[in-house]
Amino acid sequence: MYEFDWSSIPGALPFLWDGMRVSLQITLIAMLFGIVWGTLLAMMRLSPVRSLSLFAAGYVNLFRAIPVVMVLLWFFLIMPSFIQQLFGLSAGSDLRLASAMAGFALFESAYYSEIIRAGIQSVPKGQLSACYALGMNYRQAMQLVILPQAFRNMVPLLLTQAVILFQDTSLVYVSALADFFGAAYKVGDRDGRLIELLLFAGLVYFVICFTASTLVKQLQKKYRPA
Amino acid sequence: MSYQWNWDVFLQPTAAGDDIYLGWMFSGLKMTIGLSLTAWVVALLLGALVGVLRTVPNRALAGIASGYVELFRNVPLLVQLFIWYFVLPELLPQSLGDAYKQSNPILQQFLASMVCLGLFTSARVAEQVRTGINSLPQGQKNAGLALGFTLAQTYRYVMLPMAFRLVVPPLTSEFLNIFKNSAICSTIGLLELAAQGRQLVDYTAQPYESFVAVTLAYLLLNVLVMGAMKKVEDRIRVPGYLGGK
């Protein structure tokens, strides 16, 4: 039977925490950008201008059809040289974190836009008509009446998606970027204690995600849309 | 940018000389499909069982089933995969672990990937099955029991035939997800589509062609699966229900 030895974890905690900060940074940036760009995509998708709605539909369907690993590989292997040429950076600069953020942000915005589209559509149509009847224009109607209600209904789904996103950030492993999982793997590999570190990483992810999704469920009960 | 496009790269013989690069792509595609389909079978069987258990009026069984779902839903797939592949063989009894480690490495990768994807997806399938069962009118269960069916018979003859049909449309997206998630198995060295794409980059230094090809292959898989599921949904939909005729 295997002899567990957890002694390499306490000393590695600062390094693991650095990794966790990278994971959280990527999650936060991708979430914020994803919601902003996702909102724009959702509005384009619902817009009567055909070219806009076609573009948004194409974007969303493309990103939803390919694996996130593939998106990350595109961004890691191809984007750095592209960004370097664009901004004239030196070839050595490490753009993996920026690439990961960009990749996740563009990828997640496709999923966010579907949530937001459903949220906008959940607001009764009569409200838009009422806004127009009151003399508002489209931007005012969206900004003052439709989106605030839509977002209130969507908050639980947006947060659930953020938990999924946080789990997916472990995939930056494919670029050897030291996020929390990457850090745990490195420590385990270095000390020959991969088993313990992998189990530890799983436990940490479980505690964080389970707590977060339990909180989201409670929030959902409290603010159930009328 | 001075990138040399060269689409003929797929027709060149590989460095190993046994095939052309297009052949690598096809073998990766076959692996992705084989892995996803076998894992889907695991996911459906386990997911149906766990989903049903979550609805039974027995706290212990429902609690175990709900713990199962939470466990597999709150740990990242990549971490689960590494645990199946690196950790589990060490925790097995010595003789079994050794036999496993001495078996064909491709078989080891495939088994770990299949079990991992299957169990991961089964938790999501279970949620859909539970939702399907809970969406049935309460009266159906009561009517079954009132007619003298046991609880098991009520599930078997009244509720499940209905719930399993209702649950097919939401399962389509899980079926699509299993194909996409299978790309993660490239991290333990399984030569599926994404891994073959990366290998092609290493051997030919033509990243754009390789990635475009792999991306198109995933798009194609997506379209095929959606088409197939549309056919299944049409056959199986319940008249009179939402989306039914």
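**Terms and basis of the model**

A helix crossing is called left-handed if the near helix is turned anticlockwise from the far one by less than a right angle, and right-handed if clockwise. This is a predicted model, in which local features need pLDDT of at least 70 and side-chain atom pairs count only at pLDDT 80 or more, while totals for chains, interfaces and linings use all residues. Residues are numbered from 1 along each chain as its sequence is written, and chains are lettered from A, with ligands numbered from 1, in the order in which they are written.

**Helix packing in chain A**

The crossing of α1(A) and α7(A) is right-handed. Helix α1 (residues 8–46) and helix α7 (residues 138–168) of chain A pack at an angle of about 140°, with their axes 11 Å apart; axes are lines fitted to C-alpha atoms, for helices over the stretch in contact, and angles run from 0 to 180 degrees between N-to-C directions. Helices here are DSSP runs (H or I, at least four residues; strands are E, at least two), numbered from the N terminus.

On the α1(A) side the contact (C-beta atoms, placed from the backbone, within 7 Å) is made by A:S23, A:T27, A:A30, A:M31, A:I35 and A:M43, and on the α7(A) side by A:M142, A:L158, A:A162, A:L165 and A:F166. By class, this contact has 9 nonpolar, 2 polar and no charged residues, where Ala, Val, Leu, Ile, Met, Phe, Trp, Tyr, Cys and Pro count as nonpolar, Asp, Glu, Lys and Arg as charged, and the others, Gly among them, as polar.

Chain B has 10 helices and 0 strands, and its C-alpha trace spans about 75 × 55 × 30 Å along its principal axes. Of the 245 residues in chain B, 36% are buried, a term that requires 20 or more other C-beta atoms within 10 Å of the residue's own, with 12 or fewer counting as exposed, values in between as partly exposed, and C-beta atoms placed from the backbone. Among contacts in chain B between residues at least 6 apart in sequence, 73% join residues at least 24 apart.

Helix α1 (residues 21–55) and helix α8 (residues 168–181) of chain B have axes that come within 9 Å and cross at roughly 135°. That makes α1(B) oblique to α8(B), since angles under 35 degrees count as roughly parallel, over 145 as roughly antiparallel, 65 to 115 as roughly perpendicular and the rest as oblique. The crossing of α1(B) and α8(B) is right-handed, and the contact is made by B:T32, B:S36, B:A39, B:W40 and B:A43 of α1(B) with B:F175, B:I178 and B:F179 of α8(B).

The contact between the chains takes 29 residues from chain A and 30 residues from chain B. The largest share of the side of chain A that touches chain B, 11 residues, comes from α9(A), and the residues of that side divide into 23 nonpolar, 5 polar and 1 charged.

Leaving aside its neighbours within four places in sequence, A:L171 is in contact with A:V68, A:V69, A:L72, B:L78 and B:I184.

**Positive phi in two alanines**

A:A176, in the loop between α7 and α8 (180–191) of chain A, has a positive phi near 60°, and A:A176 counts as exposed because it has 11 C-beta neighbours inside 10 Å. B:A205, in the loop between α9 (193–204) and α10 (207–236) of chain B, has a positive phi of about 55° although it is not a glycine.

Terms used: Contact = placed C-beta atoms within 7 Å.
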